[in-house]
Amino acid sequence: MLSDPLTPESPTPAVFLDRDDTLIHNADLPADAFPQTPGDLYLPEHVRLMPGVLDACTRLADAGYTLVVVTNQGCVARGSASIADVEATNDRLRSLLTVNGRPLLAAVYAAPHHPEAVVDHLRAAHPWRKPGPGMILAAARELNLNLARSWLVGDAERDIEAGINAGIAPDRCLRVGGGGIDGLAAAADLILDHPNRAPAQNPAAASTITLTAGTAAPLADRDTRRTVEAAARAIAERTGVPLIALQLDDHSVTATLAAHRLAAMGFMAELRRTTNDWYAHRHGGRPLWPQTDPPAGEDDDRA
Ligand SMILES: [Mg+2]
């Protein structure tokens, strides 16, 4: 197990992003986008990026910001939609914000609660529900983010309040839309022009490492594939080494980590060990990944 991953001295700054009417259309969608309650968007086919959003997210991610969506989804508490509906909608957003296999969004946090919920266990003024700071604070903890250098962009007053309640400086909480800045593209311009944007001073390295299996195509097996994926994500969560991308084919897994090479190699050694244990237990002691030289890979720097 990694006891002390080489986390950068100063953790990564984030841009926290509201979802509806900040990243994707909502208020101007046709009525049939909302079978239950106007504004409750839980149908993936109605997810459309707003103008300039893909480019803005690309520029922010390239500049070293971790992009985290924080979205109230009271539709679940209102009984309009299930958590699975919300996740499917958010997955559509993730895929629209993926460029050449690289997901631009590090995480999507959704608060399904509402104080007037019809669903009993979600009837709460929950700290995750904006203007509560809960989603931002959870992301800061789980993704090792530096809130003092982070920003928030949203179209509603409660978005701004959530950012301030989480400890983000008020002048870093940017309101877009009516009466505010003209969309995420303009917000990104402001963020990237800011004199203290600073991740460029000490950008976290990104390292890509591949493990290759000892037998022909063990990852064609669905259970094996899922176990490797789950193990990688669990190690990332436990160690605080941010997992930027994870790609699997039938005989290899490639992880891109926001970490310098030594920490990334430690991460992959842990992934090798835990999944070898699991696989050997099921396959008569045969390892999934043979013990060979350090895994091949290459470093590149995130600008
Ligand atoms: Mg909104």
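Start at the second largest pocket, with a volume of about 300 Å³. A pocket is an open set of points on a 1 Å grid over the protein atoms alone, with protein on both sides within 12 Å along at least five of seven lines. Its volume is the space filled by probe spheres set on the points.

This is a predicted model: local features need pLDDT of at least 70, side-chain atom pairs count only at pLDDT 80 or more, and totals for chains, interfaces and linings use all residues. Residues are numbered from 1 along each chain, and side-chain values use heavy atoms, without hydrogens and water.

Select D20, N26, G39, N72 and R158. They lie nearest the centre of the second largest pocket, among 20 lining residues; lining means having an atom within 4 Å of a point.

Next, go to the largest pocket, with about 1200 Å³ of space. Select L105, A106, A107, L243 and I244, the closest to its centre of the 39 lining residues. Now colour β5; this strand (a DSSP E run of at least two residues) gives the most to the lining of the largest pocket, six residues. Show domain 1 (14-201) and domain 2 (205-301): both give residues to the lining, so the largest pocket lies between them. The domain bounds come from an automatic or database assignment.

Last, select L145, in the loop between α4 (134-143) and β6 (151-154). L145 counts as buried because its relative accessibility is 8%, and buried means under 20% (1.4 Å probe, protein chains only).

Note on methods:
Helix = DSSP H or I, 4+ residues; strand = E, 2+ residues; numbered from the N terminus. Buried < 20%, exposed > 50% of the residue type's maximum accessible area, 1.4 Å probe, protein only. 1 Å grid on protein atoms, 1.4 Å probe; cavity = no way out; pocket = protein on both sides within 12 Å on 5 of 7 lines; lining within 4 Å.
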